[in-house]
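Biologist: Please take me through the labels attached to this model, and set each one beside the rule that decides it.

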Amino acid sequence: MSTRQIRNVAFVDGVRTPFGKANGGLYKDTRADDMVVRCIRELLRRNPQLPPSRIDEVAIAATTQIGDQGLTIGRTAALLAGLPNTVPGYAIDRMCAGAMTAVTTVSASIAIGAYDVAIAGGVEHMGRHPMGEGVDPNPRFLAERLVDQSALVMGSTAENLHDRLPHLTKERADAFALASQEKYAKAVAHLEPDLVPVAGFSSEGWGLATADEAPRETSMEKLATLKTPFRPHGRVTAGNAAGLNDGATACLLASEEVAASLELPIAMRLVSYGFAGVEPEVMGVGPIPSTEKALRLAGLSIEDIGLFELNEAFAVQVLAFLDHFGIADDDPRVNPWGGAIAVGHPLASSGVRLMTQLARQFALNRGVRYGLTAMCVGIGMGGSVIWENPNWEGFDV
Amino acid sequence: MSELVTASKLRFVNVGLGKPAALITLDNGFDHTKPNTFGPAGLSSLASAVDEALAAEPAFIAVTGKPYIFCVGFDLTTFNETPTREQALELGRMGHRAFARLRESTVPTFAFVNGAAMGGGLEVALHCHYRTVSGGAAALALPEVLLGLIPGWGGSQLLPNLVGILPAIQVIVQNPLMQNKMLRPKQALEMGMFDKLFEPADFLESSLGWAASVVSGQTAVDRPEVDRSEMWDAILGFARAELDKRVHGAIPSANKALELLALAKEGPNFEAEIEALADLAVSPEARNGLYAFDLVQRRAKKPVGAPSPGLAAEVTKVGIVGAGLMAAQIGLLFLRKLEVPVVLTDLDQERVDKGLSYVHAEIDKLVSKKRLSAGKAAKLRRLVSGSVSKDAFADAELVIEAVFEEMSVKKRVWAEVEEIVSPECILATNTSSLSITEMAADLKHPSRVVGLHFFNPVAVMPLLEIVRGERTDDVALATAFAVGKKLGKSCVLVKDAPAFVANRIFARFLGTIWQSVDEGTPFDVADRALDPLGLPMRPSAFLSLVGAGVAAHVGAIMHDAYPDRFPLSPNMSIIAKSGLPILVDDEPNPALIEQLQQGDRPLTEEQVRDRALKALAEEITIMLQEGVVAEAADIDLCMIVGGGWPFHLGGITPYLKQHGYL
């Protein structure tokens, strides 16, 4: 066999549905697979130069792979989207980092030459499939004290993080949350181009979801009054955490040469990625070691990163990351258009939202060379992907 | 019946135009198995929704339907069967009043036809300024003419002005009279009924996006100019001549529709349309049409007298005795619809092979016509087999015989089969004339014998007469109905009586025609006598279709049973024996007419017709007295689906009543 060449991987385009509130929200009567289908079709519509038969894989993540999120959703969504039946697909799960893992996994396959073009994305309809639906944790976890009981309740892991890093106070968390809402409100127009309208039928007739449902106006005073559902006298509230949401995302990835030959745009270049495990009881710190890994693999340091898209599962968890790397809570490079605390976090779908937003910001920030997308993952993990901006003046094609 | 109201549910959606668009969903609250319809309350709901939408000054107004269904038109259950002309006028005006809002709106209006759209459902779309259609829309049609009406809520005037006269005639007149043929979405798009077709996966999102681009001026909608030259009248003249040739003026709704299409040349004339609808709505033909529609839609699907479907035995393998043409046709039908092993047997390998090769050739034909996938064809080829031994029936739950029409032959076959099959195996005979009761008499388990009387060609003819012998039990009967339903047939329960229903009626009715010829009526006069009924074919054409041999055979059987009412016609024997074709260039064969031996008592057309209708009425009365079927409606259903007798006669008994024969 001849010497294998690793190919550059391009993030071509990304879209998402508007994110709805779980339980009675925008998508109360909409199937999760239909939301994925909408994203896939929108990618095809936006990139008509791509012959659908050239897609080599459809990898779709879902945390709860049951019902409309089951049945190997990557394959079934591909068929429902009208892709040729020659296009394969699969389902993937790494909880919150599902879509991120879909991206890294198909990217690795593109890099090694197994695929030319692939679709990666994720979906979570937390209304139809509440967190923990159908789970059956092995009793050994607790019997052998492999993990603390709190490790399975994400809000409790965030409380644990406040315990361990007492200087990350509730006030700092609330201030970060408020800023997320405010930044989102200002940036809505930047996000709209990548939203896929979704028609949904209910007893009120057909409606059309066109805007995120979760963002709200708030204030430090209001945030201070919210209950702490995970612990009496705790610090984690509905205000400084992402909510329960429904949403889907998808993106198009390709080898750079293939993208060029098909005249597909290159929105970002994949530089490196890393996943890492941490104590499940403080899963929120996961992005720290995963980012260190990704930086090491890329030969970069944190100073090289010009834009950060960090998933805001909990404010404290983002603050722990910033604190570790010596970045200010209100650093303008971090989540410039707000984050999951405002827009919502439909678990397995969120990774591609971070990437789609970073790609948009790259286009507006030609001076920035590298960006980071990172997120924490349940049961104690973190995932990080470093991207290079093709709009950067010194970009080497 | 009270109206199942299809509500118009108004919501405002953001389509990126600065102000919201109004989206109206037609929804009766049930799933697609109960389609949306328009009754008075539904129309008024639509009117209010449009008014409310207009008041909000939206970017545009769009109407769509609940999943899979747009709207299938006027709610027939709210139709007063005998309306006054004033009520009928109001019926027309009611629809126009509601729909005009969409046509006259200063805000652009759109119909997003996401699913089945028929009659008034399609008409509401025609009133909108623009239309999209889903590639998955199952049924698109204006079937009114079939029901003795015309598209009276704007369709007869708007459609020709949108698509031109030729496609309008096809949709409004020709398709309804061709077993209510539906348009496929692509055809409807190509003829110009719709501006745009979108795939079903994101039909509504695409339609809304497209509508927004039309309203913003980004997308221009081009429609070809409608040709209003003298071609308009010439094409109508041609269509009128074709119609006259086919139904001899018997369908007033079709004639009226053509008149309205002529008027439409000068632009929509809604007043004329409303008047025409009122004229027709009070006509017996419309009453008959609605009655016939109900028979075909409801009674054919829920056969009267059928035992509980739960009693039916599961059929996992079917045996067919005989591999001749009829047997092979039946085998193919079972194969395609049941997809279970089917074994054909016959006396020698040559016959078996011939039957099998027929089935294989038909499967190949279906594949080449793209009516069967290669995978399904492979499955069917694996499922069909042949044998010279009936031992192959041992594990079948249903065996059908299609052997020679001779009681002794059939009895011998069943005696042989009974030695092989399980005691529960259902034995079905395709006899067209022999007694089921007698055929079963010598068997150990006579209660399992049932009649399944198919009509030729088996794949096409929708009627299946299911015959209950004196000892046929409910399991055999329920199985027959369950199988008949799976075969896609309209099943009617009939008693074990000579020639059952459809053939008996044909024999009696046509017997009077041949009798008139025997007595001296010129052949062409007798042949024309029934033209005013608008039957699908003249007696000569019918005879040519079924074959003089078969007709003579049925005639002989009926004569044996009821010699007085079914006299043997000497000329029928002459025709059968001559072997000459009955028709030459679609006209009776002069060489054949020359051979006829006729008396000297000719009748006029009117006299021949009167005699035929009297005979029909008498025979039907006797059949009902004998209990051959449960009700006259079953006879009508048999004649509509088995004989193609027209809706405007209501099958036949409503017509006979209206003309004083019954």
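Biologist: Why is A:Arg145 called exposed?

Modeller: A residue is exposed if 12 or fewer other C-beta atoms, placed from the backbone, lie within 10 Å of its own, buried if there are 20 or more, and partly exposed in between. A:Arg145 has 9 C-beta neighbours inside 10 Å, and therefore counts as exposed. The residue lies in the loop between α4 (140-143) and α5 (154-164) of chain A, where helices (H or I, at least four residues) and strands (E, at least two) are DSSP runs numbered from the N terminus.

Biologist: What should I know about the model and its numbering before going on?

Modeller: This is a predicted model, in which local features need pLDDT of at least 70 and side-chain atom pairs count only at pLDDT 80 or more, while totals for chains, interfaces and linings use all residues. Residues are numbered from 1 along each chain as its sequence is written, and chains are lettered from A and ligands numbered from 1 in the order in which they are written.

Biologist: What makes the phi of A:Leu71 worth a remark, and why is this residue called partly exposed?

Modeller: Most residues other than glycine have a negative phi, and most peptide bonds are trans. A:Leu71 has a positive phi, near 55°, and sits in the loop between β3 (55-61) and α2 (73-80) of chain A. It has 13 other C-beta atoms within 10 Å, so the label is partly exposed.

Biologist: Why does B:Tyr68 count as partly exposed?

Modeller: B:Tyr68 has 17 C-beta neighbours inside 10 Å, and therefore falls in the partly exposed class. Its phi is positive as well, near 75°, and the residue belongs to the loop between β3 (61-65) and β4 (69-71) of chain B.

Biologist: How do you know that the peptide bond from B:Asn456 to B:Pro457 is cis?

Modeller: The omega of that bond is near -5°, and it is recorded as cis. B:Pro457 lies in the loop between β15 (449-454) and β16 (463-468) of chain B.

Biologist: How do you know that the length of helix α17 of chain B agrees with its number of residues?

Modeller: The expected span of a helix is 1.5 Å times one less than its number of residues. For the 13 residues of α17 (474-486) of chain B this gives 18 Å, and the end C-alpha atoms are 18 Å apart, so the two values agree. The buried residues of α17(B) include B:Leu477, B:Phe481 and B:Val483, and among the elements that cover them are β15, β16 and β17 (490-495) of chain B. Just after α17(B), B:Gly488 takes a positive phi of about 80°.

Biologist: What makes β1 and β9 of chain B edge strands?

Modeller: Two strands pair if DSSP finds at least two bridges between them. The open sheet has six strands in the order β1-β2-β3-β5-β7-β9 (chain B), with mixed pairing, and β1 and β9 (196-198) each pair on one side only, hence the label of edge strands. Strand β7 (130-134) of chain B runs parallel to β9(B) and is joined to it by three bridges, with B:Val133 standing opposite B:Leu197.

Biologist: What does α7(B) touch in packing on the sheet?

Modeller: α7(B) touches β1, β2, β3, β5 (109-113), β7 and β9 of chain B, and its direction makes about 160° with that of β7(B). Such angles run from 0 to 180 degrees between N-to-C directions, and the axes are lines fitted to C-alpha atoms, for helices over the stretch in contact.

Biologist: How many residues of chain B are in contact with chain A, and how do they divide by class?

Modeller: Two residues are in contact if their C-beta atoms, placed from the backbone, lie within 7 Å. By that rule 16 residues of chain B are in contact with 17 residues of chain A. β1 (7-13), β2 (21-27) and α7 (203-215) of chain B each supply at least two residues of the chain B side. That side divides into six nonpolar, three polar and seven charged residues, where Ala, Val, Leu, Ile, Met, Phe, Trp, Tyr, Cys and Pro count as nonpolar, Asp, Glu, Lys and Arg as charged, and the others, Gly among them, as polar.
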